[in-house]
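This note is written for a colleague who is meeting the structure for the first time.

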Amino acid sequence: RMSWTTAYRVALHLLPAALRRKHGAAMTELFARERDRARARGRLPGAVAGMAGLCDVIHRAAYERVRPAPDAVPHGVPSPDGWPHAADGASPAAADSGGSYVPQPTPRQLLRRLAAAFAVAFVALTGSLLALYASRLIPQMQARGAPAGGTVAEALLLAVPFTAAMTIPMAVLVAVLFVFTRLGATGTLAVARGERRGLRRLVAPALAATAGVTVLSLAVTTELVPRANARLVTVLHGASTYRSDREMRIGELQDALRTARAARDPDAGLRAAGYGVEIHKKLALPAACVVFALVAVALVVRVPRGGAPLVVGASLALYVAYYLALTTGEALAKELVVSPAAAMWAPNALLLAAALLALGWRRTPAGPARAVVVSG
């Protein structure tokens with residue numbers, strides 16, 4: 001059975017190698033000492049201390065992976081070809097209104113930054129939710145007298161797909177917010193907004209990357225999640241002939257929906273609503289990736305120098321609001337108050353409308369507040 005210290009050593013591999021070699025042993029020793037002190041007060045304080053240590057190292061790894069590296073070239077210093085370059089020396093820089101030079105990233109650089117930020121955000125979010133799931137799962141299995149070691153490990157592995165279905169859109173939101181907030185802080189976003197189609201030049205790579213993530217998310221929700229859920233039920237409760245809607249793929253759900261609609265028993269409508277909700281949820285969650293990307297861009301356009309408070313605060317607020325809207329809509333649809341399609345797609349529609357409105361209108365920098373269309 002994996003101990004908390006072993007899990008902590010594994011989590012340390014999320015840190016950059018140089019940092020891990022320099023501080024890894026001391027961090028592990030401190031973690032083990034603090035957990036032993038908490039364990040002396042009882043099993044629950046020990047588990048809480050272990051979970052807190054894992055979350056702390058995941059948070060630190062996320063920061064270390066995405067924080068900007070020191071500039072190799074001083075800002076605004078011309079390169080040998082006469083153009084100022086960004087720190088990675090790949091693209092020419094544009095001049096802002098004050099005459100200083102602002103690096104303009106290429107699409108490849110933007111994609112690389114977005115990919116790194118997405119990977120870190122996905123690992124951190126998924127790891128945190130899995131740790132929370134494990135904190136509930138382990139006591140339940142111990143109460144039933146189930147063997148802990150291999151069963152818990154398999155259950156956590158099978159929980160990754162349905163956890164990822166929720167964390168993939170959230171990771172997209174965090175990644176786009178982080179990268180575009182950095183562009184706003186360096187003045188790149190302001191320069192782009194002053195150019196014809198400049199904003200589109202920055203947004204297009206983000207939307208292209210998000211489209212790829214959406215396809216991945218669709219494969220996860222429609223194919224991987226049902227299979228993993230079916231196996232997870234077997235691992236936790238034993239084999240069963242009954243299959244819930246969360247263990248069915250799209251085709252099976254559509255067949256079950258047609259059967260329920262053709263039935264004449266009193267519960268047929270409730271069953272049909274449940275199948276409809278699951279079908280639309282499997283499609284709405286991947287589509288939320290594109291919606292969240294547009295929302296992130298809109299937020300940064302409105303607050304270009306929001307920094308870390310914008311990334312953290314907006315991510316948490318939007319995710320909680322979206323999750324609550326989704327679960328509330330699901331409950332209403334299963335009570336036949338609203339249609340399954342309206343319940344599952346309404347959160348996406350509302351966020352998309354707000355994002356497009358924010359991207360299409362902005363205040364002028366001087367004079368009385370009025371709205372003008374953004375040319376980029």
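1. The chain contains eleven helices and four strands. The model is a predicted one. Of the 376 residues, 42% count as buried. Among contacts with a separation of 6 or more, 68% are between residues 24 or more positions apart.

2. A helix pair to examine is α7 (residues 198–237) and α9 (residues 268–302), whose axes come within 7 Å and cross at roughly 155°. Angles over 145 degrees count as roughly antiparallel, and α7 is therefore roughly antiparallel to α9. The handedness of this crossing is right-handed.

3. Which residues bring α7 and α9 together? On the α7 side they are Leu 199, Val 203, Leu 207, Thr 210, Val 213, Thr 214, Ser 217, Leu 218, Thr 221, Thr 222 and Pro 226. Their counterparts in α9 are Lys 282, Leu 283, Leu 285, Pro 286, Ala 287, Cys 289, Val 290, Ala 293, Leu 294, Val 297 and Val 301. Sorted by class, the contact of α7 with α9 comprises 16 nonpolar, five polar and one charged residues.

4. Helix α9 also packs with α8, at an angle of about 155° and with the axes 8 Å apart. These two helices are therefore roughly antiparallel to each other. The crossing of α8 and α9 is left-handed, whereas that of α7 and α9 is right-handed.

5. From α8, the contact with α9 draws on Ile 250, Leu 253, Gln 254, Ala 256, Leu 257, Ala 260 and Arg 261. From α9 it draws on Ala 268, Arg 271, Ala 272, Tyr 275, Gly 276, Glu 278, Ile 279 and Lys 282. The contact of α8 with α9 has nine nonpolar, two polar and four charged residues. Lys 282 is listed in the contact of α9 with α8 and also in that of α9 with α7.

6. Side chains of opposite charge can pair when their charged atoms come close. How many salt bridges does the structure hold? The number is 13. One of them joins Glu 154 to Arg 231, with the closest N and O atoms 3.0 Å apart. This pair links distant parts of the chain, since Glu 154 belongs to helix α5 (residues 149–186) and Arg 231 to helix α7, 77 residues apart. Glu 154 is partly exposed, with a relative accessible area of 30%, and Arg 231 is partly exposed at 40%.

7. Glu 223 sits in helix α7 and Arg 249 in the loop between α7 and α8 (250–262), so the pair ties together parts that are 26 residues apart in sequence. Relative accessibility is 34% for Glu 223, which counts as partly exposed, and 31% for Arg 249, which also counts as partly exposed.

8. Because they are three residues apart in α8, about one helical turn separates Asp 255 from Arg 258. Asp 255 counts as partly exposed at 42% relative accessibility, while Arg 258 counts as exposed at 52%.

9. Salt bridges that share partners also join Arg 246, Glu 278, Lys 281, Lys 282, Glu 330 and Lys 334 into one network. Of these, Glu 278 and Lys 282 are listed in the contact of α9 with α8.

Notes
Residues numbered from 1 in each chain as written. Predicted model: local features only at pLDDT ≥ 70, side-chain atom pairs only at ≥ 80, totals over all residues. Heavy atoms only, no water. Axes fitted to C-alpha atoms, helices over the stretch in contact; angles between N-to-C directions. Parallel < 35°, antiparallel > 145°, perpendicular 65-115°, else oblique. Left-handed = near helix turned anticlockwise from the far one by under 90°. Contact = heavy atoms within 4.5 Å. Nonpolar A, V, L, I, M, F, W, Y, C, P; charged D, E, K, R; others polar. Salt bridge = Lys/Arg side-chain N within 4 Å of Asp/Glu carboxyl O. Buried < 20%, exposed > 50% of the residue type's maximum accessible area, 1.4 Å probe, protein only.
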